[in-house]
Amino acid sequence: MNIRRAKVEDLAGMQASNLQNLPENYSMRFWIYHLMSWPQLSYVAEDHKGRIVGYVLSRIEEPDEDNPEKDIHGHVNSISVLRQYRRLGIAKKLMLLSQEAMESVYGAAYVSLHVRRSNKAAIGLYKDTLGFEVAKVEKKYYGDGEDALSMRLYFDPEESHAQQ
Amino acid sequence: MSRPVPAKRTLPSKEASLFKDLLSLYESRQLKKALKTADQILKKCPEHGETICMKGLVLTHMGRRDEGIDLVKQGMRLDLTSHICWHVFGLIQKGEKNYDEALKSYTQALKFDKDNLNILRDAAHLQTQLRVFDALIDTRHTILRLRPNFRQHWIALAVAYHLNGNLLEAKKVLETYERTLKNIPDYDVEHSESLLYHIRVLEDLGEFKDALDKLDTSAKERSILDRTAILEYRARLLTKLQAPEAEFAWRALIDHNPDCYEYYRGYLSQKNLSLSSANPSSEEALELLQTLSTQIPRAAAPKRLALTLATGPAFSSLIKPYMTSALQKGIPSLFSDLKSLYSPTNPEKQNTIQTILEAELDGEEAADPSTYLWTLYYLAQHHSYLGDHVKALEVLDRAIEHTPTLPDLLMFKGRVLKRCGDYLGAARMLNEARLLDGQDRFLNTKTGKYLLRAGLVEEASGIFGLFTKKDAASPGADLEDMQSFLYILEEANAHRINNKLNLALKKYMAVVKVIESFEDDQYDFHGYNLRKFTVNIYLNLITWEDHIRAQPVYVRAALAAAKIFLEVHDDPSIAQAAAAVPELTEAEKKAKKKAKKAASKAEDNKKAQQQQNANEDKGLEPPTKDDDPDGTKLLTSPSGLETAAKLLRPLTNLLTTAKVDIAEKERMEIWLLSYDVAIRRRKLLQALTSLTHAQTLNSAHPGLHLRLVHLHHFIRTTLLNPSSSPSNPNGSPNPTGPPAPIGPAFLEGVKQLGVPDESQVSLETYNQQYLQKHAYPSPSDASKAEVVVACAKAMIILGAPLHEVENLLLGIVSTSGVGDGDGLTIGLALEIGEMLKGLASGREEEFREGCRRVFVRSTVFGVGGEEEVRVLREGVLRDPDVAVGADEVLSV
């Protein structure tokens, strides 16, 4: 699979892939917004015919009025790989590329994401393969009432210890 | 402004200060207070135009739209020289997405307040949306002159020049801008992005050396932070400069992301090597890839690219470990990964693969059960891809017997059945796969899609509904909201198969609506990206939006909708039939009742929310009302042909003016349907141009042949025949040939199309000649079946006797006729069935019987009568083990 930075031309394929795979969906404006705001952070995997089979859509969160102390950090909004393209390590590769960009372009201190509590496969990837840790549990985060694990990975390992 | 203020606009001092409050209350969207303030002013000065306009604007935001707009109009009439009134009016029009008119209002507003930054900014966005770039440049100049200290105003001017195609001027603006910069903080992403934009401009101008210098300096100073962009620009620029360092630059990119194919292509091309096996130097390229693969073992790309390049024994030695490792790991995508190695003209690689697979299965006893299973899975895909569906099903049954719980096997069995035309069986398989993993939306979506392919609209809705929002009016409404093209198009096609043309048309037009909303989506970014300095991606967005109708979904929907409009135009009775309300079945009645209940509940929720918060801003967009939910009005509308023309025009424009990625088959269909629509609208030159374009694409295309016959028949019987009374849409009779100014040009152009003069060869003979030439000795690009169908349609136009048309069409499925191997598809067979029905032919059933012979497993030609179809239909959603029901899935 060819893995590269997401382009505007990929938006429709990313949206279609998301709709097919995941229960959390977004209108095109949302997809455009992410690419227009943080064009360096999103990546796609495509097959030989150029069809999008996986993507990661990411953003940057900066300190704001509500949270002036907050570190600048990356956040993974949505990641998915089509069912037939699993076990190839695509999700891991997409995550690593996005993380690299969060750190090098924006100086992000860490990356965060939400995952369904029941999604063992994804939690395994984040925890065991990528080194994420659970920061907190968000009760009834999803539309259907399921809890989310809010997970984090500090780019500087020392920072990670300091936070615990 | 020196213009005197008209007396009626001047407010007493108390009201004047209230008016200022009103403006700032509106800005902060404190709508209730704003309304109160406006009323206070109006008590004293009821004729104050600006206040009336503001009140109207506030009311519109509050959702009291009709009342609000009336007030705005009333206020306008009272004060036509106020920039506030025109601005308000422009805002309302912009909210209605009436960008053209909105820009006119803004231009008026600027007449009365030419330096108003808010109005200038909005005007610039409208000018960008409407692509009026000359005017945009003027506006950007004015804004920059007024506020030269804002960095974004400089970038905005450069972008305006850029959009207008004047890169040189864009570059000059950027240079001036950069000279004004001081005290740029470290690690400034915005600055980084604007430098990358500058470098892109230089590259697009062909000034590669300057671009590279700027890139290297900025990278060294750490002013550009985007490492991927630095590396990519560098490699590209060095390549364009033919510099020897280019090789290292591409190599660095491979290290940066070893799974990007483009980087390998760039690297190899520096060594004059290519990634195609047709290249004579492929051995050297292969060696290089193998070296890279050893250097970067985690990379999958060089291993896969090597398979494309290798041939003979080298291929055998590479593919074996590649496949073995994937089969052991159970990688489901192995076949789709490798199928691009298959070739009908050079089957060497697929044969090698088959040998490996069969060897693997021979050692069955020793093999690990999981490897065995995935090997069977691969083999089934292999056979089906090569057209041997029977063998594929055999292999799949073996696999399913071995492990009945692997969804992938059932999913693929469904796919094979679908390829055989057994849509009901296919849907049943998918549903079984879905029941094995109810939490997986992918399986759910696929099941819904397969149900729609089988025409089971209600059943599909139930399945989709397991994942859509529970508070939506219906699963379909949610999916449409979420812009799921897959759902909308598949349901449209399902209605089409079920002959519910109104519902089909409604859904095709829903695709068009979503595409239109994508077009609107860009509006906010005309300002946003300039503030964020993300210019490069913004410019790509603009191009993408300009080509948005080249999206395959739009092309498909527009063509399908145009076809329906044409059918209805030619035979209005089908619209009446399709739109007639049929007897509902019990299940349908229930579903309808449920949907109605859900819709009214959704409406109630909305109302309750509205009452809760009267201050809530509802924006300026008019709420969407649908007064034609089942598409009946659309289908029976007298302006169907005009709508079809509107759908096709953007496509023909794109084909003639832009480089867009539309497949040749679709290009052909666009021109052919454009002809069909134009000739019926008596747009003679348009019709002619369409055929000329079609001829350039493929002069032997059966669809084109049909139109050529149609055109000449039309000229003879309608255009040049004084006694005919054409059904002219304008009602103006056209008895003496084409209108004078275009007549000669048109007839001359028709001659150029190359159909022999009728005095020498009759159209009937011409049609037979085409049939002989293209259907029997060797088919052209089109299949024999397509040629036969086109000729049969031509015969119908020419008024041939029914039995001749029937003989020709029935020949397709006769044992000695063309048959399956000659390109008869299920879709085409169904079309022929419809043709025969339309001709009131007595041989329709005979044809269906023939189809059942050709498509043995298909369910669409009435296997064993309707009863069996009914049983299958009911069986589709039945759980084989009755273990996990739909309700249980719901509660997951």
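Analyst: Start with B:D626, which counts as partly exposed at 46% relative accessibility. Buried means under 20% relative accessible area, exposed over 50%, and partly exposed in between (1.4 Å probe, protein chains only). This is a predicted model: local features need pLDDT of at least 70, side-chain atom pairs count only at pLDDT 80 or more, and totals for chains, interfaces and linings use all residues. Residues are numbered from 1 along each chain as its sequence is written, chains are lettered from A and ligands numbered from 1 in the order written, and side-chain values use heavy atoms, with hydrogens and water left out.

User: What makes B:D626 and B:K506 a salt bridge?

Analyst: A salt bridge needs a side-chain nitrogen of Lys or Arg within 4 Å of a carboxyl oxygen of Asp or Glu. The side chains of B:D626 and B:K506 meet at 3.0 Å, N to O. The pair therefore meets the definition.

User: Which parts of chain B does that pair tie together?

Analyst: B:D626 lies in the loop between α34 (586–612) and α35 (632–636) of chain B, and B:K506 lies in helix α29 (residues 501–521), so the pair ties together parts 120 residues apart in sequence. Helices (H or I, at least four residues) and strands (E, at least two) are DSSP runs, numbered from the N terminus.

User: Why is B:K114 with B:D115 called a salt bridge?

Analyst: Their closest N and O atoms are 3.9 Å apart. The cut-off is 4 Å, so the pair counts. B:K114 is exposed at 53% relative accessibility. B:D115 is partly exposed at 34%.

User: How do you know that A:D147 is buried while A:R117 is partly exposed?

Analyst: A:D147 has 13% relative accessibility, so it counts as buried. A:R117 has a relative accessible area of 38%, so it is partly exposed. The two form a salt bridge, with the closest N and O atoms 2.9 Å apart. The pair links distant parts of the chain, 30 residues apart. A:D147 is in the loop between β6 (133–138) and β7 (148–154), and A:R117 is in the loop between β5 (110–116) and α4 (120–129).

User: What makes chain A and chain B partners in contact?

Analyst: Contact means heavy atoms within 4.5 Å. By that rule, 45 residues of chain A are in contact with 56 residues of chain B. Together the chains bury about 4500 Å², 56% of it on carbon and sulfur atoms. Buried area is the accessible area (1.4 Å probe) that two parts lose on being put together, summed over both.

User: Why is A:Q84 called buried, and which residues does A:Q84 touch?

Analyst: A:Q84 has a relative accessible area of 18%, so it falls in the buried class. A:Q84 touches B:P332, B:S333 and B:F442, not counting residues up to four places away in sequence. A:Q84 lies in the loop between β4 (73–81) and α3 of chain A.

User: How many helices and strands does chain B have, and what share of its residues is buried?

Analyst: Chain B has 47 helices and zero strands. Buried residues make up 51% of its 892 residues.
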